[in-house]
Amino acid sequence: MRNVCPSERIPVQEKIQKNEKFKPTTSAPSSGKGNDTKEQRGPKIPIPTNYRKAVKYVRIAVEEKRNIQPLIEKDKHFRVGRTLVGRVLSNMPVIEAIYKQLELASKEPRLNEWLAKVLISELLFGSGRLVGNSLPVECMMRYEAQLRTALTDIEAKKSPAGNVKEPRFVRINTNLLNVEGAKRLLAEEQWNLVEETFTDYRSFLERVKKLGDAEYMQDYHFPDMLVFPHSAKSYWARAQHLSDKFVLQNKACLLPTYLLKPPKKSVVLDMCSAPGLKTTHLACLMKNKGRIYAVEYDRARYALLCEYARGFGVIKTIQSDCLEVTDEQVPGVQYVLLDPSCSGSGMLQRQMVPEPIDEDRLYKLAGLQYKLLSHAMNAFPHVRRIVYSTCSVHEMENEGVVQGVLRHNGHFRLLDARKELGKEWLNVGSPEYAGIGERCLYAKTVDDLTIGMFAAVFERCPEGVVNEVYVAYEKQKHSYDVVAQKMSRQKKREGQNGQSEDTPAQHEVQEKSSSKKRKKNRE
C-alpha cells in the first residue's frame, strides 16, 4: 500500500468543496448591460473550429479586401468553409445593422466582433442553431429572441432592391472557350439552355425571373454572358473544375467594357484595374492581341490583379498611382477605361439596408473622380475614347463628375451610350443634367436584376465638332464676367457720389478734424 504524505490526507468534505469549483455553473440570462455579477465557471469550453476559421476568413475578406477562395480551398480541415463564410459575407449589411441595433459592442465588450457576426449569421441565415456550449455561443443564444426581432424590423425596412433575388451571372472566358464550346460543356454538366427569342428586353427579364433550377440563358445584350437562376449560386461556388473557363462576374460590369469596345491590336489603359475582371474581359474582346496597361496602386489589390492577368499575354500590369502615369510609360494609348474608387452604393449588399448619405465623403470621392477623368483626357495625346463608370447610384459621383469634366475640357465630347450599346436599355441619367443625363446609362437592380452601375462614353472631338457643354459654359462664364464688371463700375460710381454728398454730421466731424490740424501746424 502506498504511503500517504500527511499533506495528502484531506477530509472528504474538503475534497468535495475543492472539486465543486471546477464544475460548470448554470448562469442566469444576461441583462444585456455587460455588468452582470461574476460567477464561478467550469473549465473553458473551446469555440468550435468551424466558427474560429470562419472568423479568420471573414475578417481577411472584409478588412484586408483579399480574395479568400484560394485560402479556403487550401484549408483541408474547413470543409464547410465556402458555405459558412459565403453566408456571412452575403448577409453582412444586415448582420452589421443588427449588431449595431442591439449595441452588442458595448453590452458584450469581451465578445469578439467578428465571432459575433459569424454566430448571428448561423442563427438567422444558417441552420438556426449554434453548436457547442462555449461562452460566446451561450452569450449569443441569450440574445436569440432580440436578434430575430431585429431581423424582422430590418426586413420590413428593406428597399425594393434589397428584396431582389439576383440571377447568377457567369461570363465565358473566350480566351479558352468559345460560346458553342461553353454550351456543350454545360450540357455535360446537366444544364438546359433556354433557346427562346425575345423581341424586347423586358420580356427577356421576365423569363429570367422564371428560370428553373436546371435552366440557363444566353444574355440579351452580351453573347459571352450566361444567366443562371439565383439557386445556381451554390453550384457555381463549388464548380472549381470550371473556374478557368467561366468567370463569376455581374452583367452590369460588362457594360463599360462593351461600351469601350477596343478592337484587337489596339492599345488600352485600364486606370484603376484591380481586381482585374474588367481587364481580362477587355483582353477577351481584343482576342488577346494588342496591349492593355493595367494600373493599380494598392499592393494587395495589385497582387490579386497579377493573379487574374496571369493567363493573358496582352496585359501588362503596373503598380503605380494612376495620376502619376505618363504617356511615356504607356505609349500609344488609344482607349481608356476608368472605373475609379466610389461609394459602392450600387452593390447589392449595400442596397439591402438603407444607408444615410455621407455628403462629405461623396464630395471628396467626386473630386478624386474628376481629377482622374481630367488626367485621362489630358495626359495621353493619342486617346480616342474614354469610358467612365462607377458602381454608385449617386448623381454627384456620376452625372455631376461628367458635367464638371465636360465644362473644363473642350476637346472631348459625350456620346450617346444607348446608341453605342446598340440595343435597348431601360435606364438613363437624370434629366436635371440637360444634354448629359440622357446620354448616360444606369444599370438598376430592380429593373435589370444586376448591381447598380453608371457608364458614360467620351470621344475626342473630330475636326469641326465641338463639345456643346463646354461652349455653353464658356458663354455663361462670359456673361457672368460682363455682369460682374457692370456691378463693379456701378459700385465705384456710387462710392464717388457718396464722398461728395456727406451728411451734416460727417461734415461737422471733418471740419473739427481740419481745425485741429491747422491749430497744430500754427503751434
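This is a predicted model: local features need pLDDT of at least 70, side-chain atom pairs count only at pLDDT 80 or more; totals for chains, interfaces and linings use all residues.

1. The unreviewed UniProt entry places an "active site" at C391. This residue sits in the loop that joins strand 10 (385–390) to helix 18 (399–408). C391 counts as buried because its relative accessibility is 18%, the cut-off being under 20%.

2. Leaving aside residues up to four places away in sequence, C391 touches C342, G344, S345, G346 and M347, as well as I451, G452 and M453.

3. The "binding site" feature, also from an unreviewed UniProt entry, is placed at E296, D321 and D339. These positions spread over 44 residues of sequence but cluster in space, with a largest C-alpha distance of 14.0 Å.

4. E296 belongs to strand 7 (residues 291–296) and, at 9% relative accessibility, counts as buried. Its contacts, not counting residues up to four places away in sequence, include C272, S273, R301, Y302 and I318. A274 is also touched, and the side chain of E296 reaches the backbone nitrogen of A274 at 3.4 Å.

5. D321 lies in the loop between strand 8 (315–319) and strand 9 (335–338). With a relative accessible area of 27%, D321 is partly exposed. Its side chain reaches the backbone nitrogen of L323 at 3.0 Å.

6. Helix 14 (residues 277–285) is mostly covered, seven of its nine residues being buried. Those buried are K278, T279, T280, H281, L282, A283 and C284. Just after helix 14, K287 adopts a positive phi of about 60°.

Terms used
Residues are numbered from 1 along each chain as its sequence is written. Side-chain values use heavy atoms; hydrogens and water are left out. Buried means under 20% relative accessible area, exposed over 50%, partly exposed in between (1.4 Å probe, protein chains only). Helices (H or I, at least four residues) and strands (E, at least two) are DSSP runs, numbered from the N terminus. UniProt positions are given in the numbering used here, feature names are shortened, and annotations may be inferred rather than shown by experiment. Contact means heavy atoms within 4.5 Å. A polar contact is a pair of N or O atoms within 3.5 Å; within protein, one must be able to donate a hydrogen and the other to accept it, and residues adjacent in sequence count only if both atoms are side-chain atoms.
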